[in-house]
Amino acid sequence: MKKTILISILIIVVAVIIWALVDLRSATAPTIQSPVSTLPDAGMLLSNATYSFYGDTFTLANGAVTLQGHAFATSSATTTMPLIPMGYNLAATSTGTIGPSGEPGAVAALYRGFGANLQWTTLFLFAQNADGTIHQIASGVAYQGDAKIQSVSLDNGSITLSLLVVSAADMQKPHYEQVPTQPTTLHFTVSGDRIIPATK
């Protein structure tokens with residue numbers, strides 16, 4: 001009888017020791033998590049965010065703004081350009097990661113319109129602040145010409161932009177007859193504070 005009780009106590013002690021060791025290992029084991037974007041509703045954030053682009057700083061209100069802005073000087077970014085009526089309209093946004101360590105960020109594709117007939121596509125990259133707000137870290141001209149933005153995506157600092165553009169054949173028509181119908185996908189990367197075409 002005493003021997004049976006002793007064996008039972010021994011089994012219980014061994015079980016408790018094994019349980020304690022397993023629990024200790026699970027408590028001290030590192031937790032590995034895949035980096036994911038934690039940015040909330042990027043569309044809402046970016047439709048009211050503050051942007052900077054070639055000498056102009058502006059804040060969108062519900063995804064749009066009209067201002068007296070500077071045109072982009074193709075010969076030199078430092079060239080002083082006269083102020084002209086200009087509009088910005090948010091067309092597409094996406095969240096993703098802005099670097100290999102998985103920092104959350106967001107990208108915005110905006111139409112940049114000059115007067116009634118000229119419109120470019122521009123890109124803006126934002127990073128998340130510690131308090132959950134965002135700030136712009138890079139920008140760039142994506143396409144100089146009439147286009148319809150289909151989508152934009154961000155992955156590890158690489159930006160993919162899908163557009164419909166005016167075909168070579170339609171460019172021979174008068175401007176008012178030109179309609180973006182040709183699918184085009186463009187790829188970009190970040191260099192300092194600029195978004196530039198990706199090199200293959």
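Predicted model: local features only at pLDDT ≥ 70, side-chain atom pairs only at ≥ 80, totals over all residues.
1. Residues are numbered from 1 along each chain as its sequence is written, and side-chain values use heavy atoms, with hydrogens and water left out.

2. On confidence, pLDDT is the predictor's score for each residue, from 0 to 100. The protein averages 80, and 74% of the residues score at least 70. Residues 24-37 fall below 50, and this stretch has eight contacts in the model beyond near neighbours in sequence.

3. Back to Gly99: the residue sits in the loop between strand S4 (83-97) and strand S5 (104-114); strands are DSSP runs of E, at least two residues, and helices are runs of H or I, at least four, numbered from the N terminus. Not counting residues up to four places away in sequence, Gly99 touches Asn156 and Gly157, where contact means heavy atoms within 4.5 Å.

4. Ser47 lies in the loop between helix H2 (42-46) and strand S1 (50-53). Ser47 is buried too, at 11% relative accessible area. Leaving aside neighbours within four places in sequence, its contacts include Leu60 and Leu90.

5. Do have a look at the hairpin of S10 and S11: two residues lie between the strands, and Gly192 takes a positive phi near 65°. Thr189 stands opposite Ile196 in S11.

Notes
Pairing = 2+ DSSP bridges. Buried < 20%, exposed > 50% of the residue type's maximum accessible area, 1.4 Å probe, protein only.
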